[in-house]
Amino acid sequence: MNARYAIGVDVGGTAIKTVLADTAGRALFRQEIPTPKGVEPLLEAVVKAVATIERQVSVGQVDDGEIVVTPADICRTVGVGVPGIVDESKGLAILSVNLGWQDVPMAQRMEEALGRPVSLGHDVRSGAWAEARWGAGSDNCMYLALGTGIAAVFILDGRPIVSGGWAGEIGQALVPDPDNPGQLERFEAVASAGALAQRLAATRAPKDRDDVVAAGALGVQVALEVGDPLARRVWDTALDAQAEVIARAVCMLGPLDVVIGGGLMKAGEKLLFEPLTERVSKLLTVSPVPRIVPAALGSWAQALGSAGRALEPQG
């Protein structure tokens, strides 16, 4: 009988999230522990997290409301998503500056530590896979994470594009710099949630800049709502850059749903989704205007996606 459940692990910059999920993307068990620095402490932490779930199952403390889950119901393969540059096809964690590793054969190391097969994935690609399968996306979608930085994942025909681990580094693409006419700037330095606060702070008196940065994108939204023209300019030019990048992707790859995750998605329909859709529509001449929607699965999407990809490793 095919396994109905799998363990999925999301290694984040600050926390490791682990779930036991079924084939419909429902989490039956969740846990969260701090992420240690370095490869060896990370391996130990993942082993302990997986063991905790298996212990709960073995004593009959995990069920789906009707049927108690048994060890025989759980896929032997564990799904693990890690951040940075990840080449799933080679099982290689190429680089993670924040967590302190480079060129680590992560799939092999995880399999040795856990004593079982591991389906290694990139954390954001795993989250995008989950959104495409169970959330707001579809078999052809662009997942755009607008947080402190910017990353993208492209799902085509149900499969995330990996390209040696480098696909989706869209935050590093150059766009016109609205604050320095005639110059170019990295996309994430113009249009990420983190960049909004930094750009608005640059318009303030030096004594006020730290407070503006500390308030983050939410502070920019508050300034918008009270009619601050400088906040309006920062926000609108960020939307312009986001729209241009989305429109280019649609022209190159065809009709795509656009799923937006990250902190900036909380800006909502009036401030983000409606004006962004309007801008994208004006930039497209032939291609259909995409649906631009908020991510639906929240902060556990990446762990769910890791579990799902372990159940369907070719998905």
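Predicted model: local features only at pLDDT ≥ 70, side-chain atom pairs only at ≥ 80, totals over all residues.
Close-up 1. A disulfide is a covalent bond between the sulfur atoms of two cysteines.

Close-up 2. Is Cys 141 buried or exposed? Cys 141 is buried, because its relative accessible area is 1% and the cut-off for buried is under 20%.

**Close-up 3. Cys 75 is another buried cysteine**. Its relative accessible area is 16%. That value counts as buried because the limit is under 20%.

**Close-up 4. Asp 157 has a positive phi**. The angle is about 50°, although Asp 157 is not a glycine. Where does Asp 157 lie? Asp 157 is in the loop between strand E10 (150–156) and strand E11 (159–160). Its relative accessibility is 65%, so Asp 157 counts as exposed. The cut-off for exposed is over 50%.

**Close-up 5. Ser 163 also shows a positive phi**. Phi is near 50° here, in a residue other than glycine. Ser 163 is found in the loop between E11 and strand E12 (174–176). Is Ser 163 buried or exposed? At 56% relative accessibility, Ser 163 counts as exposed.

Methods:
Residues numbered from 1 in each chain as written. Heavy atoms only, no water. Buried < 20%, exposed > 50% of the residue type's maximum accessible area, 1.4 Å probe, protein only. Helix = DSSP H or I, 4+ residues; strand = E, 2+ residues; numbered from the N terminus.
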